[in-house]
Amino acid sequence: LLDDLLKQSTETVLETINEKNPDLENKEEVAKKIGVGAVIFTYLKNSREKDIVFDWKEMLSFEGETGPYVQYSYARAKSILRKAGEVKGDVDYSLLNSKEEFELVKTLENFNKNILLALDKLEPSVLTRYVIEVAKGFNKFYNSHSVLNLEDEALKASRLKLVEATCQVIKNGLELLGIDVVEKM
């Protein structure tokens, strides 16, 4: 039954990829990571005391509080970093002073606290909820502020380091949950 569930999830994601990005390299591998990750994420995002309502459409959505949404956020951030290239020199983090930047930094700061809380409570939903918050914070930041198209090179470098830190936290969080990230979508 689980094999059938994972196979169906992967096939459904592959159909979506073929519709939206038919030229994507390694489509089958990406579909498997997203499909399997979606199932794992769905079952881990709810606390143990709550019933799980199984909904294919919600589980495989790239919007909302889902595994594909978090994986897409990671891939989007990695795309920014690939376009930018390596950030060289010292970075002035004091330039990150907007509300969205500050909120994202504060969310990232809570990574260790959430890991320890999840361990203490034996509750993986703490970590899934946390990576959702990181993804939401990143998307709010990215939709409010330019990262690559800045003339101020110091601010650009600071924002790129923030994107890099976000990628690392999402990747680490998903890996702790047993979910692979995808570099491109």
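This is a predicted model: local features need pLDDT of at least 70, side-chain atom pairs count only at pLDDT 80 or more; totals for chains, interfaces and linings use all residues.

Residues are numbered from 1 along each chain as its sequence is written, and side-chain values use heavy atoms, leaving out hydrogens and water.

Now for helix 6, residues 111–121. Here is how some of its residues sort out (buried is under 20% relative accessible area, exposed over 50%, with a 1.4 Å probe and protein chains only):

| Group in helix 6 | Residues |
|---|---|
| Buried | Phe-111, Asn-114, Ile-115, Ala-118 |
| Exposed, on the other side | Asn-112, Lys-113, Leu-116, Asp-120 |

Seen down the helix axis, the buried residues fall within an arc of 105°, so they line one face of helix 6. They pack against helix 5 (99–109), helix 7 (125–144) and helix 8 (153–176). Just after helix 6, Leu-122 takes a positive phi of about 50°.

On to the cores. The largest nonpolar core has 34 residues, and Phe-41, Val-70, Tyr-130 and Val-163 are among those with the most contacts inside it. Helix 4 (67–84), helix 5, helix 6, helix 7 and helix 8 each give two or more residues to this core. Apart from it lies another core of 10 residues, including Val-13, Val-30, Ala-38 and Leu-60. In soluble globular proteins, nonpolar side chains tend to be buried together.

Terms used
Helices (H or I, at least four residues) and strands (E, at least two) are DSSP runs, numbered from the N terminus. The arc is that of the directions from the helix axis to the C-beta atoms. Contact means heavy atoms within 4.5 Å. A nonpolar core is a set of buried Ala, Val, Leu, Ile, Met, Phe, Trp, Tyr and Cys residues joined through side-chain atoms within 4.5 Å.
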